[in-house]
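Please examine the structure shown below.

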Amino acid sequence: ETFKEIVDIMGGVDVELTQDEIYYINDQIAQNGQSEYLPYDTQAGIVHLNGQQALWYARNRGGYVNGTEYGGSDWDRVERQRNFLNAVIDELKTSASLTEIVQIVNAVGPNITTNLKNSEITMLVSGAMTYLSYDIEQLSMPTDGTWSYGYNEAGSVILVDDWYQARFDLAKFIYEDSVSEPQY
């Protein structure tokens, strides 16, 4: 509910969708007895999503929905989530007000446990407009070549095969040139 509320506080978010993603969102809305469909004539490209529509976009990993099979995987879902977060950040950078940021923090706050004091949170919120101007760098973990698929009682899982390389990749991302090659 908070996810949807945040998107709606922002007035929605613009995300680039394929035609299959548009159909998937509408099929999920139909299957779940919801009413906030994308218009029938919505075409692939940049589409303005409200909170409910954005939630179905971010949860999409394919599968059968309302009798239709959609291709996709967990990796596709992760990519959609990254696209969504980038769209949210872009939207916040270009049009958010401090009032909106405060509303979002108030919506998210009850769902977070932290050791930060209220005064520290207030200070962070007051600097939000500055923080939004910073460049964002991203890294997916585990990195290529350090993992494989496996199975356990939970089903299909990702196994980290090279913890030394994975740790090095993360440290290199954070600390850049101050990190030397991993020691095996």
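The model is predicted: local features need pLDDT of at least 70 and side-chain atom pairs count only at pLDDT 80 or more, while totals for chains, interfaces and linings use all residues. Residues are numbered from 1 along each chain as its sequence is written, and side-chain values use heavy atoms, with hydrogens and water left out.

**Salt bridges**

- Side chains of opposite charge can pair when their charged atoms come close.
- Across the whole structure, five salt bridges are found, each defined as a side-chain nitrogen of Lys or Arg within 4 Å of a carboxyl oxygen of Asp or Glu.
- R61 forms one of them with D74, and their closest N and O atoms are 3.1 Å apart.
- This pair links distant parts of the chain, 13 residues apart: R61 is in the loop between α3 (51–59) and β3 (63–65), and D74 is in helix α4. Helices (H or I, at least four residues) and strands (E, at least two) are DSSP runs, numbered from the N terminus.
- D74 is partly exposed, at 40% relative accessibility.
- R61, D74 and R77 belong to one network, joined by salt bridges that share partners.
- R80 and E21 form a salt bridge through their side chains, at 2.8 Å from N to O. The pair joins helix α4 (residues 74–95), which holds R80, to helix α2 (residues 19–31), which holds E21, across 59 residues.
- R80 is buried, with a relative accessible area of 10%, and E21 counts as buried at 10% relative accessibility.
- The side chains of E1 and K4 also meet in a salt bridge, at 3.0 Å from N to O. E1 is exposed at 72% relative accessibility, whereas K4 is buried with a relative accessible area of 14%.

**Aromatic pairs**

- The count of aromatic pairs comes to five. Rings of Phe, Tyr and Trp (its six-membered ring) pair if their centres lie within 6.5 Å; planes under 30 degrees apart count as stacked, over 60 as edge-to-face and the rest as tilted.
- Y131 and Y134 make a tilted pair, with 6.1 Å from centre to centre and 50° between the planes.
- Y131 is partly exposed at 38% relative accessibility, and Y134 is partly exposed at 46%.
- The W147 and Y149 rings have centres 5.1 Å apart and planes at 85°, so this pair is edge-to-face.
- W147 is partly exposed, with a relative accessible area of 22%.
- W75, W147 and Y149 are linked into a cluster by ring pairs.

**Largest pocket**

- The largest pocket holds about 330 Å³ of space. A pocket is an open set of points on a 1 Å grid over the protein atoms alone where a 1.4 Å probe fits, with protein on both sides within 12 Å along at least five of seven lines; lining residues have an atom within 4 Å of a point.
- Its lining comprises 14 residues, and V105, V108, G109, I112 and I121 lie nearest the centre.
- The elements giving two or more residues to this lining are α5 (98–108) and α6 (118–126). The most comes from α5, with five residues.
- By class, eleven of the lining residues are nonpolar, three are polar and none is charged. Here Ala, Val, Leu, Ile, Met, Phe, Trp, Tyr, Cys and Pro count as nonpolar, Asp, Glu, Lys and Arg as charged, and the others, Gly among them, as polar.

Note on methods:
Grid points are joined across faces, edges and corners, and a volume is the space filled by probe spheres set on the points. Buried means under 20% relative accessible area, exposed over 50%, partly exposed in between (1.4 Å probe, protein chains only).
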